Amino acid sequence: AAPVAATSSALNQDPELVGDFVLEAREHLQNVEAGLLGLEKEPGKPDILHSIFRSFHTIKGLAGFLEFADIQSLAHEVETILDLA
């Protein structure tokens with residue numbers, strides 16, 4: 001089977017929007033890292049899990065807006081795993 005060509009919108013071709021996405025995603029990932037370290041000290045704390053979930057939910061939404069399907073899909077899978085936690 002031939003590889004599926006990635007579709008691109010004008011939005012994900014805008015360097016300013018992509019730069020903003022990268023900056024915001026990095027901030028969310030820093031919050032995720034801090035949350036995971038917090039869970040290591042206090043396992044099962046629901047507010048930390050919710051915070052981590054919200055970060056991935058936001059990344060998923062932004063990735064969807066910019067049509068970054070792979071990032072959106074990964075963030076969705078992480079949400080699914082966090083739901084199980």
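The model is predicted, so local features are reported only at pLDDT of at least 70 and side-chain atom pairs only at pLDDT 80 or more, while totals for chains, interfaces and linings use all residues. Residues are numbered from 1 along each chain as its sequence is written, and side-chain values use heavy atoms, with hydrogens and water left out.

**Fold and surface**

- The protein has three helices and zero strands; helices are DSSP runs of H or I with at least four residues, strands are runs of E with at least two, and both are numbered from the N terminus.
- Along the sequence the pattern reads α-α-α.
- Of the 85 residues, 25% are buried (buried is under 20% relative accessible area, exposed is over 50%, and partly exposed lies in between, with a 1.4 Å probe and protein chains only).
- Among contacts between residues at least 6 apart in sequence, 58% join residues at least 24 apart (a contact means heavy atoms within 4.5 Å).

**Nonpolar core**

- The largest nonpolar core holds 13 residues, of which Phe21, Leu39, Ile52, Phe56 and Leu82 touch the most other members (a core is a set of buried Ala, Val, Leu, Ile, Met, Phe, Trp, Tyr and Cys residues joined through side-chain atoms within 4.5 Å).
- Helices H1 (15-41), H2 (46-65) and H3 (69-84) each supply at least two residues of this core, and H2 gives the most, with six residues.
- Leaving aside residues up to four places away in sequence, Phe21 touches Ile59, Leu62, Ala63, Leu66, Phe68 and Ile71.

**Asn12**

- Asn12 sits in the segment before H1 and is buried, with a relative accessible area of 9%.
- A polar atom of the Asn12 side chain lies 2.9 Å from the backbone oxygen of Leu66.

**Salt bridges**

- The count is two salt bridges (a side-chain nitrogen of Lys or Arg within 4 Å of a carboxyl oxygen of Asp or Glu).
- Lys60 pairs with Glu79, with the closest N and O atoms 2.8 Å apart; Lys60 is in helix H2 and Glu79 in helix H3, 19 residues apart, so the pair links distant parts of the chain.
- Both Lys60 and Glu79 are buried.
- The side chains of Glu42 and Lys45 form a salt bridge at 3.4 Å, N to O.
- Glu42 is partly exposed at 42% relative accessibility, and Lys45 is partly exposed at 30%.

Definitions and conventions:
Polar contact = N/O pair within 3.5 Å; in protein donor to acceptor, adjacent residues only side chain to side chain.
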